[in-house]
Amino acid sequence: MADGVMAGGRRRRLRVLLELQLRLQWRSARGRGAAEALGASVMLVVVGLLGVGAGFAGYLLTEAFAQDPAGPAPALWIGGAGLLALLLYAGLFGGGAGSGFDVSRLFHMPVAAGEMVLADAAARFLGPWSLPPAAFFGGSALACAWEGHPAFAALLPAALVLWLLQAHLVLAAGDLLLFNLRRSRRLMEAVGLLGTGLFVALLFFQNYLATRLVHGLAFGGAMRWLTHAWGALGPFLLLLPGLSAVSWVGAGRWAPLRLAAALAEAAGLLALGRLLLVRLMERGSAEGRRRTREGRREAERTSARPLERLAIWPFCVKDFRYLTRDPYLKTALMGILLYPFLWVLIATGPGFDARGALLHVGLPLVLLLSFANLSTNHLAVEREGLLLLIGSPAPRWRLLAGKNLLLMGLYLAVTAAVEGYFVWRGVKPGSAAADLVMAFSMGLIYFGLGNLLSLLMPMPVAPRGRRLVPQVSGAKMFLVIFAQFAMLGAVMAVDLPVILGRVAMLHVGSPLLAALALPAMLLYGALIYAVLLAAASRLMASREPAIYEALVRGSS
Amino acid sequence: MDEAAVAQGRGEGGAVVRFDKLTRTFGDFTAVDSLTLDVGEGEFFGFLGPNGAGKSTTIKMAAGLLKPTSGTIRIFGLDPYRHPMEVKAQIGLVPEELALYERLTGFESLVFAGRLYGLDAATARQRAVDLLGWLGLEEDGGKLVVDYSTGMKKKTALGCALIHRPRLLFLDEPFSGVDPLAVRGIKEVLHQMTREGTTIFFSSHVMELVERICTRVAILHKGSVRAVGTLAEMRSAFGLAEPATLEDIFVRAVGEPMAEEGAPWLTA
């Protein structure tokens with residue numbers, strides 16, 4: 001019998017797993033030495049600041065409810081639900097709170113599925129991103145003690161532990177669900193749409209509620225709606241993960257029942273995670289057989305369609321296939337297509353100045369920002385295919401232009417749809433064409449600059465099967481995000497003649513001016529793009545070894 | 001050891017690949033150390049060495065994917081770093097990590113590779129169909145590469161490297177995971193290609209395979225060439241008689257047998 005298999009047992013295996021996971025949780029950077037130290041420092045500063053903010057939020061929220069007849073419990077409910085939503089938002093969609101650990105590397109080891117899930121959750125529990133929620137509960141406990149609820153305060157540490165356990169088990173199960181979804185592409189498409197819808201709805205409520213509450217006029221109505229909804233659904237909502245972990249505190253005679261429900265949920269989440277992991281370990285995909293039939297028909301056709309004869313076509317179609325087949329790119333694509341419409345709904349809602357600058361100059365910039373991750377790090381998304389690209393003699397301008405052409409097409413389609421909606425709503429009749437031309441010019445410059453950023457600051461993406469989150473140091477991540485926002489400023493600066501022309505058209509309103517200005521705006525954008533593309537293709541030829549080292553060697 | 005016999009050899013018809021004091025370091029680690037080597041036209045050249053010897057790094061430099069720290073490379077007389085497009089148009093590469101798009105089908109991957117190398121759409125499609133048949137992937141051409149086995153991925157990568165009929169082919173461990181029948185078929189075609197003038201630079205750590213298929217071999221260890229030549233030349237250089245295998249030559253050239261002690265619990 002091999003050594004060690006049965007010796008030591010579950011406890012030892014859990015400890016080993018936990019040590020491994022913790023090491024990965026606290027390791028912020030792929031670099032060594034100064035880069036790792038800087039990344040760790042940045043991460044700790046950010047986590048620390050978030051902790052301080054969360055602590056204050058916990059204190060103030062609890063203080064506000066302390067004199068309420070129901071006691072400070074509602075503060076915990078709001079905090080527990082809100083923190084869980086943020087954790088899921090960051091962990092599943094943003095990747096900030098999740099681990100970068102590929103659990104499939106342990107499948108051949110003698111480790112039980114339940115042990116893997118438990119170790120994953122425990123490692124997240126002890127990871128840096130547990131600090132903000134802990135600070136929230138700490139602030140809340142302080143407020144309870146200060147406002148005369150010492151018993152309440154004494155129970156909060158236990159509530160915190162239970163909340164963290166539930167939250168991280170939800171995150172672990174959610175991660176495994178994403179893993180599983182890769183194996184069934186139809187189910188993945190459906191859930192990807194649902195996930196995007198939830199993501200977009202979350203953003204909508206963030207923006208909608210923020211504008212409505214800040215505006216003030218609808219405050220009373222919104223609060224009445226919330227109170228009414230809570231009255232009807234509250235008892236059921238308090239049983240949900242994140243809420244049940246805290247709703248037993250101060251619940252009187254209902255406390256034992258709610259505590260039991262919270263513990264049962266944690267056990268249920270662990271069981272769910274285990275089940276998902278076991279399913280993940282099973283091999284086989286029904287999709288493969290379906291593909292074979294389709295593939296054979298495709299392979300029988302050896303003549304080329306007209307569009308295929310274009311030299312740039314293979315690059316566009318390859319990227320399009322990836323956008324529609326890779327699960328995480330598909331989610332990003334759904335967000336690109338849906339997210340702008342929510343901004344439109346907000347911008348054209350009651351109480352909002354529909355003639356504001358946002359709808360003319362700001363809207364293209366907002367739309368371009370949704371393309372940021374796809375257009376400023378597009379070589380990294382190639383993953384191993386990058387070797388095929390940079391190992392080929394294909395003209396580099398064609399390669400880059402093919403990528404830009406696809407994204408430009410998507411961007412213009414979304415922009416045209418939004419402009420069409422404005423025309424239909426009567427928001428800006430007659431000016432949609434001019435705004436579209438300005439957006440076109442801005443888009444060309446943005447994607448042209450994005451090529452340069454992709455070449456100068458390439459970041460490896462997550463290993464296959466994970467979220468599309470770069471596995472780089474926090475410091476570099478912040479730098480890239482800053483650069484993406486700075487690019488918008490650069491676009492406005494470079495495209496200033498076009499913007500000024502558009503503003504002149506708004507004020508003068510002369511058809512002759514429009515007839516002269518619109519072609520000039522188009523030509524200006526095209527010329528700037530041509531210059532940027534030429535610069536990027538020259539840069540790419542000289543940067544390819546560095547890009548290869550950063551993306552392919554660095555990510556393996 | 002006969003130094004003259006271990007000096008770099010020149011293939012007939014001039015050197016297609018020339019490395020001159022080629023060096024590549026990664027921080028404090030020297031992956032390739034002053035490597036000097038010539039490979040002639042039409043050779044099936046074996047680049048043999050254990051894991052970590054510097055084989056893949058050398059191939060990446062030759063393909064223009066890594067910049068040498070010092071020294072020079074000439075591919076068809078051109079520097080791949082200064083003339084990357086001209087060099088890349090003439091070579092095919094099967095890297096160890098497989099340059100494939102996992103979300104494309106096998107057929108799509110081959111067509112895309114063909115278009116990358118400048119083939120028109122119809123030619124690329126036709127050659128992709130032919131390659132799928134030759135590589136035994138006609139039933140799987142419509143599957144996504146992500147669903148392929150390792151051997152199928154290797155075959156697809158080989159197809160991508162051959163679709164444009166390169167004059168020089170760099171193969172980095174191309175047969176690991178490939179079934180023996182397919183290996184035999186691929187070897188025969190590759191030998192036919194060398195008879196027609198294509199040069200093949202074949203890197204592997206499997207000595208038996210290199211010994212069987214290569215006409216000349218270089219033994220690489222810790223980044224530097226320890227021996228180069230035909231099997232007969234190397235036997236002569238190291239004073240070994242006829243049945244001596246490449247493994248025997250390798251051990252003599254490297255001079256560092258694996259430690260017999262160090263893991264006694266393995267054999268306890």
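Modeller: Happy to! Let's start with handedness: H12 and H17 of chain A cross in a right-handed way. A crossing is right-handed if the near helix is turned clockwise from the far one by less than a right angle, and left-handed if anticlockwise. This is a predicted model, in which local features need pLDDT of at least 70 and side-chain atom pairs count only at pLDDT 80 or more, while totals for chains, interfaces and linings use all residues. Residues are numbered from 1 along each chain as its sequence is written, chains are lettered from A and ligands numbered from 1 in the order in which they are written, and side-chain values use heavy atoms, with hydrogens and water left out.

H12(A) covers residues 313-325 and H17(A) residues 396-425; helices here are DSSP runs (H or I, at least four residues), numbered from the N terminus. Their axes lie 8 Å apart at an angle of about 55°, where axes are lines fitted to C-alpha atoms over the stretch in contact and angles run from 0 to 180 degrees between N-to-C directions.

Who touches whom? From H12(A) come A:Phe315, A:Cys316, A:Lys318, A:Asp319, A:Phe320 and A:Leu323. H17(A) brings A:Arg398, A:Leu399, A:Gly402, A:Lys403, A:Leu405, A:Leu406 and A:Leu410; contact means heavy atoms within 4.5 Å. By class, eight of these residues are nonpolar, one is polar and four are charged (Ala, Val, Leu, Ile, Met, Phe, Trp, Tyr, Cys and Pro count as nonpolar, Asp, Glu, Lys and Arg as charged, the others, Gly among them, as polar).

For a second pair, look at chain B, where H4 (residues 106-116) and H6 (residues 150-162) pack at about 25°. That makes H4(B) roughly parallel to H6(B).

How values were computed:
Helix = DSSP H or I, 4+ residues; strand = E, 2+ residues; numbered from the N terminus. Parallel < 35°, antiparallel > 145°, perpendicular 65-115°, else oblique.
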